[in-house]
Amino acid sequence: MTNWLRDKLWRHVVGVTVSFFALFPLYLVIISSINPTGSLQVSSFIPREFSLINYKKLFNDPTIPYLIWMKNTLVISGTVAILSVIIGASSAFAFSRLKFKGKRFTIQLLFLLQMFPAILALSAVYVIMERVYNFAPHLGLGTQPGLLLVYLGGAMGVNIWLLKGFVDSIPIELDEAAKVDGASAMQTYWQIFIPLAAPILAVVSLLSFIGTFNEFILARLFLIDMNSRTVAVGLQGFIGGQYSQNWGAFAAGSIIASVPIVIIFLSLQKYIISGLTAGSVKG
Amino acid sequence: MLEKVKHNAAKVLKYLFVALTSALLLMLIQSAFAKKEYEIGAFLVLALIAILVTYFSNVSIPLKFFLPGLLFLLAFVVGPILYTVVMSTFQYQTGNYISKPEAIERVRALGVAPDEAGTTFDVVIGKYNNQIAILASDPINKKYSINTLTENIELAVNVVSLDENGVAKEAPDFSPSNTAEIAALDREISNIRFKYSGDYFISLQGTSVGAVARQVLDYDKNQDKFTNLINGNQYIDNGKGNFVNKNDSEEVLQPGWRSPIWFSHYIDLIKDKNVRSPLISVFIWTVVFASLTVLTTFALGLLIAVAMSKPIRGRRVYRSIFILPYAMPSIMSILIWGGMFNTEFGAINTLFGTNIAWFQSATFARVAVILVNLWLGFPYFYLISSGAMQAIPSELSEAAAIDGATPRQIFYKITLPLLLKIVSPLLIASFAFNFNNFNLIYLLTGGGPRNELDGQIAGATDILISYTYKIAFGSNVQDLGFASAISVIIFLIVASISLYGVKKSKVLDSFS
């Protein structure tokens, strides 16, 4: 018994305490979303009433174009996910499998650039896109396509590193065999690399989906019009300062928006974690 | 046979795609040059050439694979970085936002004064002999005229048709414009100067009233200065993007223009106390914030990893709970925490029975920021630490146990040092990330609370990046030039930290 206490009890104490810490905000949001008063005030931590009025408000209140925000988010994040994985896969293939002059230098430069947080160049992006707006109003500041273009700027740098570990694990002998059989680089890419890499490409595109979903600052700068906003920008503007009034609807909205992301994340857990630790364990 | 068909189909697709992209680029290039955006136009031309050469020849096969990525990278990462450096050497802020020729044009347009009597006319906009003109009426003095850009044609009362207020609505050879035509003239309309007499002209105020005015500020192109024609004051280029009175440097003509001032922003950062001291305090807090975040998240993550390192009952349940904060979209979590810290109704005060104004006090706001970031970040280090602990060979601790070491000794002498060695690049990466953790600060506290000591903009929880954002996109003055200078400095800091981390992790060596 004393042995159990000494060895196991403290582990459970830590586990329970941290679980409480981890779950508290999530629990709070759930009970807020089913609280019919919709107020921020917590009268009781155990819900006494159950109501879907906050959820209904999201879909019926014309001042909260929640469905449009969701659609915008899905379109933007989805497009970025697909395009950036296309860019990332072909770049990773070139840098991992093909030989060319200046490769090492380019890769080092890429690494350096990829460290530069996009947000630091925000003023410059803003001014550049303002100029683009001058001659191409559909692509410049304030438009979703403009935002997409800016997002794609980081696609190559980031995805190369995500894909690198995997690409390296495909035996190079496969490529060489294909080459002996007379396959061009293009054929090797399409017929050997892509089929083998398909699962990991799916993972990378989902990660990029989550990343885009979580992007706030550029989206906020670009999407001024209420109906062009993403969920993140929309909900932020919606509660902005008025926590007490709009809390219930916000809670409902954030739950609906978060659930798909949490599900994607949990189902990719294995890949994400191995990706996280791969770099470190190799140390 | 089938292979061949496939091959040809792929080729056709490729050409189609390249042709479409080129067509689109050509359109953009044309409109870019038409609107005088030469830099962007030139970049697009180069991009087009690169695309055509790469995909229609075999100059470089690897380039076929990464050219699209490269072009996006150049356009939206490299370009903005270089532009940031350039902007940091410019006076570039509200009031100094346009180019010099545009600014001169605006100063000229604004530099007019009404005549001494303040004469105004009721006007009708229209055409006279196919030229833009106004039909001006002075119903009190019964004076009527048609004014074009070059002529002032006086009309007798009997040739015009008047409405009940004595305002002329029609005149011979004058055709009034309809609303659509006037709307098409749009903003230019207030800049049109209709001839009156001598130096005086009539300018429109709205679409039905014209006022007599004359040019007061006159621009001399050769000497690059403005002269006030009434009192003779001279305004010269002050080298910082404004025309100022030669004898009184406080008297500035608006608007100014974006003007190269070289390293003035950087020099101000060093010399000007009002600029330097808020920046230093923000910098210190940024370092403290990032360090405390790394420390707390790693400590908690490690603690859990150690606690969960033995198979205990419910370990899987614990594990899935611990991952949840990491799986939640961080933006949503931060906004939720923002509500929880609300003073009056927030769950935190309710839970603990306190009445703390969390975001009103510098200390509490800082505690809140660290606490929320702990919640967001500990799962990451839990995952990392437990992964790393599994990678440490168990023979080491077994051997130590045989030699009589206690579990505590094993942890501190063997596991921890090895673990630290493994995770240190990630600790550095986490530091660099949190150094620029804009979303957390901006969405949780907005950088506040603000203290008078912190200068005009900086708040107690502002980190460098949120401070920069406020300078560039704040509500009062938007100073893009100064913000760019700070961005450049942040980049140098972050790059050196990251490079140090990279050297440690040797990640670059694996690419050869």
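Begin in strand E6 of chain B, where the bridge partner of Tyr144(B) is Leu155(B). Keep in mind throughout that this is a predicted model. Widening the selection to residues 152-155 of chain B shows the whole of strand E6, which is joined to E5(B) by four bridges, the two strands running antiparallel. Four residues make up the hairpin that links E5(B) with E6(B).

Move on to the open sheet of chain B, whose five strands follow the order E13-E14-E15-E16-E17 with antiparallel pairing. Its edges are strand E13 (217-220) and strand E17 (252-253), each of which pairs on one side only. If residues 100-110 of chain B are then displayed, helix H4 can be seen lying across E13, E14, E16 and E17, at about 150° to E13(B).

Now colour chain B by domain, with domain 1 at 2-87, domain 2 at 112-215 and domain 3 at 270-506. The centres of domain 1 and domain 3 of chain B, taken over C-alpha atoms, are separated by 40 Å.

Turn next to the two chains together, where 89 residues of chain B are in contact with 83 residues of chain A. On the side of chain B that touches chain A, helix H3 (residues 61-87) gives the most, with 19 residues, and the residues of that side divide into 65 nonpolar, 20 polar and four charged.

Finally, select Leu122(A), Val125(A), Phe72(B) and Val372(B), which have the most contacts inside the largest nonpolar core, a set of 170 residues. This core draws at least three residues from each of domain 1 and domain 3 of chain B. Leaving aside neighbours within four places in sequence, Val125(A) is in contact with Val150(A), Phe76(B) and Pro80(B). Apart from this core lies another, of 20 residues, including Val124(B), Phe174(B), Leu204(B) and Ala213(B).

How values were computed:
Residues are numbered from 1 along each chain as its sequence is written. Chains are lettered from A and ligands numbered from 1 in the order in which they are written. This is a predicted model: local features need pLDDT of at least 70, side-chain atom pairs count only at pLDDT 80 or more; totals for chains, interfaces and linings use all residues. Two strands pair if DSSP finds at least two bridges between them. Two residues are in contact if their C-beta atoms, placed from the backbone, lie within 7 Å. Axes are lines fitted to C-alpha atoms, for helices over the stretch in contact, and angles run from 0 to 180 degrees between N-to-C directions. Ala, Val, Leu, Ile, Met, Phe, Trp, Tyr, Cys and Pro count as nonpolar, Asp, Glu, Lys and Arg as charged, and the others, Gly among them, as polar. A nonpolar core is a set of buried Ala, Val, Leu, Ile, Met, Phe, Trp, Tyr and Cys residues joined through C-beta atoms within 7 Å. A residue is buried if 20 or more other C-beta atoms lie within 10 Å of its own, exposed if 12 or fewer, and partly exposed in between; C-beta atoms are placed from the backbone. Domain bounds come from an automatic or database domain assignment.
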